[in-house]
Amino acid sequence: MQTLVAYVENKPGVLNRVSSLARRLNVNIDSLTVGPTENPEIARMTIVAHTDEKGGHRLEASLEKLVDVLLAENITERALLERDLALIKVLADQQSRPHLMELIKVFRARVVDVAPESLIIEVSGTVDKIDGLLEVLKPFGVLEMARSGRISMTRGGDLLRPPVASSATEQSAAAR
Amino acid sequence: MKLTGAEILCESLTQLGVQHIFGYPGGAILPVYDALGKSKLHHILVRHEQGATHMADGYARASGGVGVAMATSGPGATNMVTGIATAMLDSSPVVCITGQVSSKLLGSDAFQEIDITGITMPITKHNVVVSRAEDIARTVREAFIIANTGRPGPVLVDITKDAQQASCEFDWDASVPKLPAKRVRNNHDQAEFDRAIELLNTAKRPVILAGRGIILSGAMRAFEQFVRTCNIPVAMTLLGIGCFPASDPMNLGMMGMHGEAWVNHAIQESDLLIAVGMRFDDRVTGDLRTYAKGARKIHIEIDRAEINKNVKVDAALIGDARETLEKLTPHISNPDRGAWLSHIKELKGDSAVRDIQSLPDNGHLYAAHVINDLWKETRGEAIVVTDVGQHQMWEAQYYHHNQPRTLVTSGGLGTMGFALPAAIGAKFAKPDSEVWVVVGDGGFQMTMCELATIVQEKINIKIAIINNGFLGMVRQWQEFFYDKRYVATPLVAPDFAALANAFGIRGERITQRGDVLSAIRSARESSETVLIDFRVEQEDSVYPMVPAGASLHEMIRRPSNPLVETATEP
């Protein structure tokens with residue numbers, strides 16, 4: 001499994017180009033998240049792909065060839081933080097509710113919706129943590145689940161910033 | 001100055017230095033055609049949009065500039081697909097302009113509406129829909145930059161009809177390209193550089209693998225300097241032909257599936273490969289598990305995605321070939337390669353005696369004779385545009401190119417039907433050059449409608465059809481690997497000479513070896529297009545051949561007794 005971060009132009013069709021590239025390279029995407037950055041013209045993607053290191057390199061280099069991709073970086077081997085968020089709707093009657101609350105506390109999840117027969121639990125964290133919670137919730141009856149997909153960020157001073165419109169890129173464009 | 005989008009397009013193309021547009025009109029591009037009529041741009045009316053893209057491609061390959069093709073929406077655009085893919089696989093800078101239905105109709109399945117940007121996404125370097133007249137000038141400028149910088153490739157600009165019709169203020173100087181601010185990668189990693197220098201200076205049996213990247217970056221002089229300095233023999237890819245003179249003693253010739261035996265053996269026995277602007281295509285490497293097993297590899301390549309794609313390399317120098325070579329050469333010592341070079345010479349001596357040119361004339365007309373005579377007669381100075389198949393490989397083996405951009409051929413995609421239209425494009429790029437089409441009877445029938453384009457444009461190219469009555473390369477595979485079961489390869493063709501006449505083109509048929517040279521001479525003397533139908537040996541094969549998937553040194557060699565079959569009866 002390889003994790004890549006990409007900064008892309010925030011405009012129609014870019015997601016299609018990225019996913020189409022993965023398809024062309026015969027790489028199965030496990031998770032792909034897109035969101036705007038502090039610059040509304042730039043979006044950030046976290047791509048988790050079912051491939052090996054060589055495939056990860058190829059995906060990274062090929063992504064960066066797309067005109068609309070400003071930067072792509074394989075961060076699999078870096079110290080990184082990854083988060084996934086899940087909303088889980090689970091059956092909760094009078095009897096099971098206290099047990100559920102216990103588990104929710106242990107997993108540092110929280111209840112975001114309460115109905116007579118069910119609860120919606122919000123949990124965020126690593127994929128393993130969410131999978132773990134899901135496992136223990138299953139016996140209660142999981143009615144519905146939505147997961148956000150992974151977002152990742154390298155730790156500490158290891159910054160991954162979108163390239164700024166440098167004079168170098170503009171000059172090279174003008175020169176031609 | 002207020003102009004319509006269509007006028008802005010024509011004005012922008014003119015500003016960008018475009019002189020020729022290869023295209024075919026239709027409803028959704030009509031406003032542009034109306035504006036074209038008032039511009040100084042020369043439009044070449046093709047007979048099929050595939051031809052337009054191949055012509056633009058041929059134009060780009062022969063000139064080094066950007067070729068421009070134009071078509072209407074829907075079927076006009078989809079007909080371009082093969083030509084776009086051909087340009088993509090061979091990194092050819094082509095800009096395709098397609099008309100599109102009005103923006104308010106987009107997505108409504110309107111007449112001749114098709115999602116051409118969706119269709120061409122994986123086969124273009126970039127593509128874009130323009131739906132506002134205000135964006136046309138900037139987008140076209142961007143398209144030209146993208147097409148012909150870095151690793152070149154085709155760009156498609158799809159312009160809606162309402163954008164062509166709308167008027168807006170046109171200011172060329174203000175229409176500055178706004179390409180995304182991409183990360184500038186550190187191209188020349190010093191550690192990789194040092195490793196490359198170390199490998200170069202210690203290698204005992206090195207071989208350079210020269211590809212099209214050298215031609216694309218205009219690195220011919222830097223490359224020659226590099227070869228002289230490090231004294232390493234050069235093997236070429238099909239598309240690398242011309243990057244280094246064939247007449248140079250350091251040039252071994254083409255490598256790969258139909259490369260000469262000494263070239264492939266030299267590669268397999270080498271201890272260092274220096275790949276410059278090539279991508280270790282499977283037709284070049286054969287079985288990767290046994291490919292140059294004893295060799296370290298240096299890869300000089302502008303496209304980072306090509307590094308370690310097929311072959312794991314020891315030093316990757318990412319960047320423009322010319323810049324990289326210029327930086328590298330001063331650090332190379334000039335070691336004595338006497339033993340290695342004489343060993344290669346021995347390998348060569350063994351193969352040369354099997355060469356068809358060394359055989360006595362037995363009355364049979366082989367394709368190789370035609371190519372060899374063509375080479376001699378044109379002194380290797382013509383631009384030769386080939387199609388795909390046996391004749392293409394024979395051209396690569398028997399026509400010796402000393403100049404870059406004198407062989408125009410579809411390598412990566414292997415597109416039959418490429419030759420005739422690409423030659424038309426090449427002729428427009430180099431009107432003073434002699435242009436020869438070398439094409440099989442199969443491929444010629446795919447795009448022969450462009451003969452009419454030749455006549456309408458009154459251009460002068462020479463067409464040599466290598467006619468063996470078969471889809472020759474496929475037949476060869478059937479002979480070698482399918483027990484001679486010739487399914488769907490025997491091919492009926494019209495009388496090509498008579499066909500040429502019907503178009504108003506002089507046509508001839510040649511069946512004897514003795515007549516080849518005089519036919520070529522006579523064609524060259526004509527100031528008009530001439531077509532020669534060479535009826536060659538029907539079941540001749542291209543040797544040597546590395547069967548697909550076999551190791552590079554496991555070649556089917558040229559038989560010492562050439563086939564003695566009856567010559568084709570006219």
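How many helices and strands are there in chain B? I counted 23 helices and 20 strands. Helices here are DSSP runs of H or I with at least four residues, strands are runs of E with at least two, and both are numbered from the N terminus.

**Ground rules.** This is a predicted model: local features need pLDDT of at least 70, side-chain atom pairs count only at pLDDT 80 or more, and totals for chains, interfaces and linings use all residues. Residues are numbered from 1 along each chain as its sequence is written, while chains are lettered from A and ligands numbered from 1 in the order in which they are written.

**Overall form of chain B.** I checked the radius of gyration, taken over C-alpha atoms, against the globule rule of 2.2 Å times the number of residues to the power 0.38. A compact globule of 570 residues would come out near 25 Å, so the 24 Å of chain B agrees. Along the principal axes, the C-alpha atoms fill a box of roughly 70 × 65 × 40 Å.

I then looked at burial. A residue is buried if 20 or more other C-beta atoms lie within 10 Å of its own, exposed if 12 or fewer, and partly exposed in between; C-beta atoms are placed from the backbone. In chain B, 55% of the 570 residues count as buried.

**Contact with chain A.** Two residues are in contact if their C-beta atoms, placed from the backbone, lie within 7 Å. I found 17 residues of chain B in contact with 22 residues of chain A. The chain B side divides into ten nonpolar, three polar and four charged residues. Nonpolar means Ala, Val, Leu, Ile, Met, Phe, Trp, Tyr, Cys and Pro; charged means Asp, Glu, Lys and Arg; the others, Gly among them, are polar.

**Helix α5(B).** Seven of the nine residues of α5(B) are buried. Thr82(B), Ile84(B) and Met88(B) are among them. The buried residues pack against α3, β5 (94-100), α6 (116-120) and β7 (155-160) of chain B. Just after α5(B), Ser91(B) takes a positive phi of about 50°.

I looked up the α3 packing next. Helix α3 (residues 49-63) and helix α5 (residues 81-89) of chain B pack at about 25°, with axes 7 Å apart. Axes are lines fitted to C-alpha atoms, for helices over the stretch in contact, and angles run from 0 to 180 degrees between N-to-C directions. That makes α3(B) roughly parallel to α5(B), the word for angles under 35 degrees. On the α3(B) side, the contact includes His54(B) and Asp57(B). By class, this contact has two nonpolar, six polar and one charged residues.

**Strand β12(B).** Is β12(B) buried or exposed? Five of the five residues of β12 (residues 272-276) are buried, so the strand is largely enclosed by the rest of the structure. Leu272(B), Ile274(B) and Val276(B) point one way, Leu273(B) and Ala275(B) the other.

Strands pair if DSSP finds at least two bridges between them. β9 (residues 206-210) of chain B pairs with β12(B) in the parallel sense over five bridges, and Val207(B) stands opposite Leu273(B). β13 (residues 296-301) of chain B also pairs parallel with β12(B) over five bridges. There, Ile274(B) stands opposite Ile298(B).

**Six-stranded sheet.** I traced an open sheet in chain B with the order β16-β15-β17-β18-β20-β19 and parallel pairing. Its edge strands are β16 (407-408) and β19 (506-510), each pairing on one side only. β19(B) pairs with β20 (residues 530-535) of chain B over five bridges.

Definitions and conventions: Angles under 35 degrees count as roughly parallel, over 145 as roughly antiparallel, 65 to 115 as roughly perpendicular and the rest as oblique.
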